[in-house]
Amino acid sequence: MVHFLHPGLSPRTIVPPDAQKDDLGCGVAQEEASPYSLVNICLNVLVANLEKLCSERSDGTLCLPEHWSFPQELADQFVGVMTWQGKLTDRTASIFRGNQMKLKLVSIQKAKISTAAFIQAFCHHRLIELDATAVHTDLSIPDILHGLCSNSWIQQNLRCLLLDSASIPRNSRLLFFGQLTGLRILSVFSVCFHSEDLADVSQLPRLESLDISNTLVTNISALLTCKDRLRSLTMHYLKCLTMTKPQILAVIRELKCLLHLDISDHRQLKSDLAFHLLQQKDILPNIVSLDISGGSCITDEAVELFIQQRPAMQFVGLLATDAGYSEFFATAQDLRVAGGANMSQISEALSRYRNRSCFMKEALYRLFAETFATQVAMPAILKLVAIGMRNHPLDLPVQFTASACALNLTRQDLARGMPVRLLSEVTCLLFKALKNFPHYQQLQKNCLLSLTNSRILVDVPFDRFDAAKFVMRWLCKHENPKMQTMAVSITSILALQLSPEQTAQLKEELFMAVKELLAIVKQKTTENLDDVTFLFTLKALWNLTDESPAACKHVIENQGLAIFIQVLETFSESTIQSKVLGLLNNIAEVRELSSKLMTEDVVKHVSSLLHSKELEVSYLAAGIIAHLTSDKQPWISHDLQRRALLQDLYTTIQNWPSSSCKMTALVTYRSFKAFFPLLGNVSRPEVQLWALWAMYHVCSKNPSKYCKMLVEEEGLQLLCDIQKHSEADPQAQHIAASLLDDFRMHFMNYRRPPLCMPFL
């Protein structure tokens, strides 16, 4: 949301537009940690459903319902939200035609709308401020001026006009601002704005604040025309000036009403204008804010003397200079400094220069060095880093340095001191940078490193599908072992956070990832090396194959079974056995693939592990046997073996502790659907018993999750059928009844019973 200033004397007559600041310190933390305001929520809903709520005119544009009416402030915010979300187009801007909305403070930053749409939607309103920064070339500055001047009220009352980075057609020469007689604030940063245009603007009768940075102005003498009313002048990187230093200083000397002056420049240009300015004693007597960042030959002594002679000064910009390091700047009261000497100066620089990539890079570089070993969470600083990333998406040095700063500010436990919303914004910006610079490996490494933070990976909202694709591609690049371990560990967690549908959509990435993970398992097994990478890899394969027939098929097709038999024969640790058995369970749940597990080696190892002293290992082995033996058809020629397995399964389950005993959950499930064919198999009570034990176990450990799952997946009826079936195993009936009792108690204690409860 862009914040516009209210009528009256604007602070922007003192400080430049890009120096407006977000609240720092605890203010940022509180704002980011607080819920969105009801107004913002409602406006976001309106924007998201605009097509449904509006009718369509004959020309294809949208029209609000006739009875709708918006208060002015709400209407202004509505435009801002649409602009921010990129939803302001010719089709949608038409809702601002007519008088249903009364606009005053309008932002169309970066909007892609035509001249006709702009004029029809906005130029009949009584606008006092318009921000048209970086609007699409379809809407040029001459067209904006023509539209605004078509309304006599706007001519006399428009106070603020921001046209930064807006376009001017090649055949246009002179820009006509003269009709906007009420204009007080004008910004034409990075616009093809010439000296002749400056002469026209300088004659505006109420002009107080002017930004002509990075324009084509060669001579500023025209400013003498408004010397008695100009209070803020910003001319950063005025690269085309042909005047001598004495001529420039002579003009500045006459601007006695100036409260703010910005003559900052790119450091590489080594401009010494600021050096000469500081030597003047009879210049800028009322100055409050002076920005000389990037200037050459600037010393602490010269700046100190200049400020001491002007005690009203409140701000000085010294970034990318040799000044700002003396004790004077640390102890001066009521003086803000944008520089690189300490965190206070860096913070000020990040805030002031958020729209200037040359200084943003410098400030981020200083921030990286300053925060390399920080132990304190700084959400306000991270917010400024995010703003820099958002404002300069195509500037590689900004994105790379910002990603490194973000790592410094969120590493280890520091992320726990950051609001989730802020972490989400930064993570999304990192992924946006990846898309803009897909071949810059160090940026990719920084993004990968950020995902190793458990706070971000588990708690923070971001596009996990895109993240999974990125991590899986990285996994297949055969990077150094440390990066490989990170990619594997992240994959193991992201795999659980994707829905089965999303996993299926990964396609090529999934195939390559499974193949690479299997190669890692094979290599580690051959080396007899059960290190952390090996364990993470097994976990990643277990999680990737969960309810993913495609992943299970990839495992089979890439000789996964032979690899896992080798693992079981090489390692006897229960942690390794359980991960392998968990993966084989996932394959066993896929009916068209389960027969692939009916090999002598697989059955031998699973049967043996069924008797493991570790309950998790025994439980998972039992699950494989239950799924494999539930269908009689594949066992026609091995019926005796099947019967022996079933008997062994039944005996083993009898030796397990109660499924509701006080122990942590052995596994977690996304769904109970794989259990339903087993529950319905009354003729095989061994299989049915394992499924019931498993369901009762997880339901007793996490009733809020799994009782809800039972309702949503319509599993209650199956339990009731078992309880009532005359031929059902008594122990199976007992567990089913216990499950239903616990289910009923859970809903009675915590919520109203669902509609299907009467049969209980």
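How many disulfides does the count come to? By the rule used here, a pair of cysteine sulfur atoms within 2.5 Å, the count comes to 0.

## About the model

This is a predicted model, in which local features need pLDDT of at least 70 and side-chain atom pairs count only at pLDDT 80 or more, while totals for chains, interfaces and linings use all residues. Residues are numbered from 1 along each chain as its sequence is written, and side-chain values use heavy atoms, with hydrogens and water left out.

Let us start with Cys123. Its sulfur has the one in Cys149 as the closest cysteine sulfur, but 9.3 Å is too far for a bond. With 4% relative accessibility, Cys123 counts as buried (under 20% relative accessible area; exposed is over 50% and partly exposed is in between, using a 1.4 Å probe and protein chains only).

Cys240 is in no disulfide either, as the nearest cysteine sulfur, in Cys192, is 9.7 Å away. Cys240 is partly exposed, at a relative accessible area of 24%.

Helices (H or I, at least four residues) and strands (E, at least two) are DSSP runs, numbered from the N terminus.

Contact here means heavy atoms within 4.5 Å.

## A buried aspartate

Asp76 belongs to helix H4 (residues 72–84). It is buried yet has no salt bridge, meaning a side-chain nitrogen of Lys or Arg within 4 Å of a carboxyl oxygen of Asp or Glu. The nearest side chain of opposite charge is Lys104, 7.7 Å away; Lys and Arg count as positive, Asp and Glu as negative, and His and the chain ends are not counted.

What Asp76 does have is a polar contact of 2.3 Å between its side chain and that of Gln72 (a pair of N or O atoms within 3.5 Å; within protein, one must be able to donate a hydrogen and the other to accept it, and residues adjacent in sequence count only if both atoms are side-chain atoms). Leaving aside residues up to four places away in sequence, Asp76 touches Lys102, Leu103, Lys104 and Leu105.

## Aromatic rings

The structure holds 22 aromatic pairs (rings of Phe, Tyr and Trp, the last by its six-membered ring, with centres within 6.5 Å; planes under 30 degrees apart are stacked, over 60 edge-to-face and the rest tilted). One of them is the stacked pair of Phe431 and Phe462, at 6.0 Å centre to centre and 15° between the planes. Both residues are buried.
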